[in-house]
Amino acid sequence: MRVLLTGSSGQIGTNLALRLLQDGHQVFGVDKRQNTWTDDFRYLLQDLAGHYAPFPGGINGVEYPEVDLVVHLAAHAKVHQLVRQPHRALENAVMTFNVLEYARQQRLPIVFSSSREVYGDVHRFEEYGEAVADFAYTESTYSASKIAGEAFIYSYARCYGLPYLVFRFSNVYGRFDNDLNRMVRVIPLFIHSMLRGEPITVYGGRDKTLDFTYVDDCVDGITRGIEELAEGRVVNQTINLAYGHGNTLVHCAERIAAELGTEPQMTIAPSLLGEVTHYVADLTKARELLGYAPRVPLDEGIGRAVAWFREHRAAHPEENVPVTADHEAASVEDAAEHGWKRVAAS
């Protein structure tokens, strides 16, 4: 297949592109940020968040190559950043609209990346199946942007017959998530801080429980979905992709410290605004529809993540500097962030 992949420079996007190439597919990426991990596939540097006129060949007058399917991963994904800067949540919805318009005009099936954030944080469910999401309990502008994205997807399916799959991800970690520009996810942030002998803060209390998903499991689920959607065997479904087992954030921190051979300097603090503090995915649909079977439990995945982090840091010692967690960072805008330019990578 020929796959158009938005958000192709991110962690999931890069891992997915490499997996698709390995499986014999062609990949064309779109991202507003250069891919610092690989040059194995062609991509375009373009901001998808503008209010653009319809253009059947691509987005904003830029002609895209012919493709068979779209995977839309591009989004502002830093929850606390979107709490501080809610206009970015609107940009997420605009990105999804622009990609949907392109898919509609080209009559292309689409895979959309949603989030477990859509379930909120009301602690009402033993297991979070896809049917129990209650959008009245939206926790943050980020979760609202994902709810809006899902609503756009469902409306395009009903109004225009656009085939889709929606995947709700949960705390994806592992390879390609640990350069300084991505140092907002909790696992690489904890590894970075503990390697430097710095204290960490666990927000949400000792009972904060999340479903951590190793990136290879996530990518395997997406790949299965792409193949099933392309063949028309699984269409118009919303599916959880996670490991299916909860771990406390305290346990996660302790496992990282054990892998590093150190004692964590840990402070427990209340939840931050917009945080989800309990989530364990119900994987029934993923198993039944896609044959999805995650293989990497957290304890094993932490070992892999720490090994990858050490390898990356050895190659980039200049990144061994203090970093500020995203919710503590000052709001600094990159003036070039809203521009785009074209990159030809062969």
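A crossing of two helices is called right-handed if the near helix is turned clockwise from the far one by less than a right angle, and left-handed if it is turned anticlockwise. Keep that in mind as you look at this predicted model, where the crossing of α5 and α9 is right-handed.

**Helix α9 and its neighbours**

Let's begin with α9 itself. This helix runs over residues 298-315, which gives it 18 residues, and it reaches 25 Å from its first C-alpha to its last. That span is close to the 26 Å expected at 1.5 Å a residue.

Which residues of α9 are buried? They are Leu 298, Gly 301, Ile 302, Gly 303, Ala 305, Val 306, Trp 308, Phe 309, His 312 and Arg 313. As you read along those numbers, here is a handy bit of background: an α-helix has 3.6 residues a turn, so residues three or four places apart point the same way.

How do you put a helix pair into numbers? Two packed helices are described by the angle between their axes and the distance between the axes.

| Helix pair | Angle between axes | Distance between axes |
|---|---|---|
| α7 and α9 | about 50° | 9 Å |
| α5 and α9 | about 60° | 11 Å |
| α1 and α6 | about 60° | 10 Å |

Take α7 and α9. With an angle of about 50°, α7 is oblique to α9. Helix α7 passes α9 in a right-handed crossing. On the α7 side, the residues that meet α9 are His 251, Cys 252, Arg 255, Ile 256, Glu 259 and Leu 260. Their partners in α9 are Leu 298, Asp 299, Ile 302, Gly 303, Val 306 and Arg 310. Sorted by class, this contact has six nonpolar, two polar and four charged residues.

Now for α5 and α9. These two helices are oblique to each other as well, and their crossing is right-handed. From α5, the residues Ile 187, Pro 188, Ile 191, His 192 and Leu 195 take part in the contact. From α9 come Leu 298, Ile 302, Ala 305, Val 306, Phe 309, Arg 310 and Arg 313. This contact divides into nine nonpolar residues, one polar and two charged.

**Helix α1 and its partner α6**

Next, head to the start of the chain. Helix α1 covers residues 11-22. It has 12 residues and reaches 17 Å from its first C-alpha to its last, close to the 16 Å expected at 1.5 Å a residue. Its buried residues are Gln 11, Ile 12, Gly 13, Thr 14, Asn 15, Leu 16, Ala 17 and Leu 20. Covering them are, among others, the strands β1 (2-6), β2 (26-31) and β6 (69-72), plus helix α6.

The axes of α1 and α6 are 10 Å apart, at an angle of about 60°, which makes α1 oblique to α6. Their crossing is right-handed. Gln 11, Ile 12, Asn 15, Leu 16, Arg 19 and Leu 20 in α1 touch a set of α6 residues that includes Val 215, Cys 218 and Asp 220. By class, the contact of α1 with α6 holds eight nonpolar, three polar and two charged residues. After α1 comes Gly 24, with a positive phi near 95°.

**A few single residues**

Most residues other than glycine have a negative phi. Arg 107 has a positive one, near 60°. It sits in the loop between α3 (87-106) and β7 (110-115). Asn 171 has a positive phi too, near 45°, and its place is in the loop between β8 (164-169) and β9.

Is Arg 107 buried or exposed? Its relative accessible area is 72%, so it is exposed, since the cut-off is over 50%. Ser 143, in helix α4 (residues 141-160), has a relative accessible area of 0% and is buried. Setting aside residues up to four places away in sequence, Ser 143 touches Glu 117, Val 118 and Thr 138.

Asn 236 counts as partly exposed, at 35% relative accessibility. Look for it in the loop between α6 (215-230) and β13 (237-241). Leaving out neighbours within four places in sequence, Asn 236 is in contact with Ala 157, Leu 162, Pro 163, Tyr 164 and Leu 165.

Methods
Residues numbered from 1 in each chain as written. Predicted model: local features only at pLDDT ≥ 70, side-chain atom pairs only at ≥ 80, totals over all residues. Heavy atoms only, no water. Helix = DSSP H or I, 4+ residues; strand = E, 2+ residues; numbered from the N terminus. Expected span 1.5 Å × (residues − 1). Buried < 20%, exposed > 50% of the residue type's maximum accessible area, 1.4 Å probe, protein only. Axes fitted to C-alpha atoms, helices over the stretch in contact; angles between N-to-C directions. Parallel < 35°, antiparallel > 145°, perpendicular 65-115°, else oblique. Contact = heavy atoms within 4.5 Å. Nonpolar A, V, L, I, M, F, W, Y, C, P; charged D, E, K, R; others polar.
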